[in-house]
Amino acid sequence: MAQLDQAFAALADPTRRGIVVRLARGEASVSDLVGHFSLTQPTISSHLKVLESAGLISRRRVAQSRPCKLVPERLKAVTDWLEQVQEIFEGNYKRLDALLTELKQAEKKERKR
Amino acid sequence: MKPAEASLPSDTEVLVKRSFDAPVKLVWRAYMEPDLFRRWCGAHPGWSMPVCEMDMRVGGKYCWRWRSDENGQEFGFTGEVLEVALHAKIVHTQIFDAGDLGVSMGGEPSIITVTFQETNGITNVTTTIRYASKADRDAAFATGMTDGMEVSYKLLDGVLGEM
């Protein structure tokens with residue numbers, strides 16, 4: 001569970017979520033990310049460290065740079081769960097939509113009287 | 001309206017957002033009045049809601065129970081209201097009572113915060129589930145559930161899948 005715990009913590013930060021979204025479009029180097037987010041290199045690097053230890057990204061070594069890419073399986077475990085949450089809520093909410101339509105109509109009738 | 005959207009605001013919380021095409025006072029009633037509440041939250045196909053008691057004042061308690069049409073199995077939630085701001089916010093605790101389903105969801109109550117905000121006749125509702133601990137959140141995650149509701153719906157889906 002330790003890695004899962006880290007994945008939640010890692011994704012609870014808006015900048016790190018932003019990095020994940022950026023990496024979903026493809027591999028990026030630290031300097032790409034520094035430019036993209038207008039943050040300092042040490043800040044980006046520390047976020048990447050958190051994402052890497054959570055198993056959400058991997059980094060390979062190419063000469064001097066270490067491009068980052070998503071580890072989709074790890075991210076998928078979290079997003080699958082969130083999707084499940086959404087589905088359950090949405091099932092209830094669709095019935096709430098129908099109920100609210102009915103309540104609005106009842107109010108309209110009330111007003112006409 | 002766009003479908004519900006779930007996200008992770010912190011490492012022990014899950015946030016669900018949804019908008020409704022209705023003024024906040026109607027949405028509020030649907031959440032606070034037992035007769036209305038059971039019509040949407042208690043109307044999952046294949047389940048009835050034999051108990052829907054709600055005293056939604058600060059310090060008031062609620063008790064919800066669902067029963068499977070298929071095999072009569074029951075589960076429920078109980079909790080206490082911590083905070084109420086008319087047409088704006090309700091905060092309550094939530095304990096899952098697995099009933100006959102025999103699944104554990106961790107011991108400590110979760111804290112559920114629901115906020116309501118109306119703009120031009122559209123009401124935005126946010127629901128935050130805060131787990132008592134990371135262990136409780138992990139238990140929910142491991143079983144693929146945010147709360148006990150999914151346990152039963154999952155079991156239900158299993159039952160329907162077999163038919």
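The exercises below concern a predicted model and are each followed by a worked solution.

**Exercise 1. State which secondary-structure elements chain A contains and in what order they run.**

Step 1. Chain A holds 5 helices and 2 strands.
Step 2. Read from the N terminus, the order is α-α-α-α-β-β-α.

**Exercise 2. Compare the radius of gyration of chain A with that of a compact globule of 113 residues.**

Step 1. The globule rule is 2.2 Å times the number of residues to the power 0.38.
Step 2. The C-alpha trace of chain A spans about 80 × 35 × 20 Å along its principal axes.
Step 3. As for burial, 25% of the 113 residues in chain A are buried.
Step 4. Of the chain A contacts between residues at least 6 apart in sequence, 49% join residues at least 24 apart.

**Exercise 3. Check the span of helix α4 of chain A and locate its buried residues.**

Step 1. Helix α4(A) covers residues 41-53, which is 13 residues.
Step 2. The expected span is 1.5 Å times one less than the number of residues.
Step 3. This comes to 18 Å, and the end C-alpha atoms are 18 Å apart, so the two agree.
Step 4. A residue counts as buried if 20 or more other C-beta atoms lie within 10 Å of its own.
Step 5. The residues of α4(A) that are buried are I44(A), H47(A), L48(A) and L51(A).
Step 6. These residues lie on the same side of α4(A), because they cover an arc of only 100 degrees around the axis.
Step 7. Just after α4(A), the backbone at G55(A) has a positive phi of about 80 degrees.

**Exercise 4. Give the strand order of the sheet in chain B and identify its edges.**

Step 1. The sheet is open and has 8 strands, ordered β1-β2-β8-β7-β6-β5-β4-β3 in chain B, with antiparallel pairing.
Step 2. The edge strands are β1 (5-10) and β3 (47-54) of chain B, each of which pairs on one side only.
Step 3. From one strand to the next, the twist averages 25 degrees.

**Exercise 5. Describe how chain A meets chain B.**

Step 1. The contact takes 25 residues from chain A and 32 residues from chain B.
Step 2. On the chain B side, the elements giving two or more residues are β1, β2, α1, α2 (34-40), α3 (134-142) and α4 (148-162).
Step 3. β1(B) gives the most to that side, with 6 residues.
Step 4. Helix α5 (residues 72-112) of chain A lies across β1 and β2 (13-20) of chain B, at about 30 degrees to β2(B).
Step 5. Helix α1 (residues 24-32) of chain B also packs on the sheet, where it touches β2, β6, β7 and β8 of chain B. The direction of α1(B) makes about 155 degrees with that of β7(B).

Key
Residues are numbered from 1 along each chain as its sequence is written. Chains are lettered from A and ligands numbered from 1 in the order in which they are written. This is a predicted model: local features need pLDDT of at least 70, side-chain atom pairs count only at pLDDT 80 or more; totals for chains, interfaces and linings use all residues. Helices (H or I, at least four residues) and strands (E, at least two) are DSSP runs, numbered from the N terminus. A residue is buried if 20 or more other C-beta atoms lie within 10 Å of its own, exposed if 12 or fewer, and partly exposed in between; C-beta atoms are placed from the backbone. The arc is that of the directions from the helix axis to the C-beta atoms. Two residues are in contact if their C-beta atoms, placed from the backbone, lie within 7 Å. Two strands pair if DSSP finds at least two bridges between them. Axes are lines fitted to C-alpha atoms, for helices over the stretch in contact, and angles run from 0 to 180 degrees between N-to-C directions.
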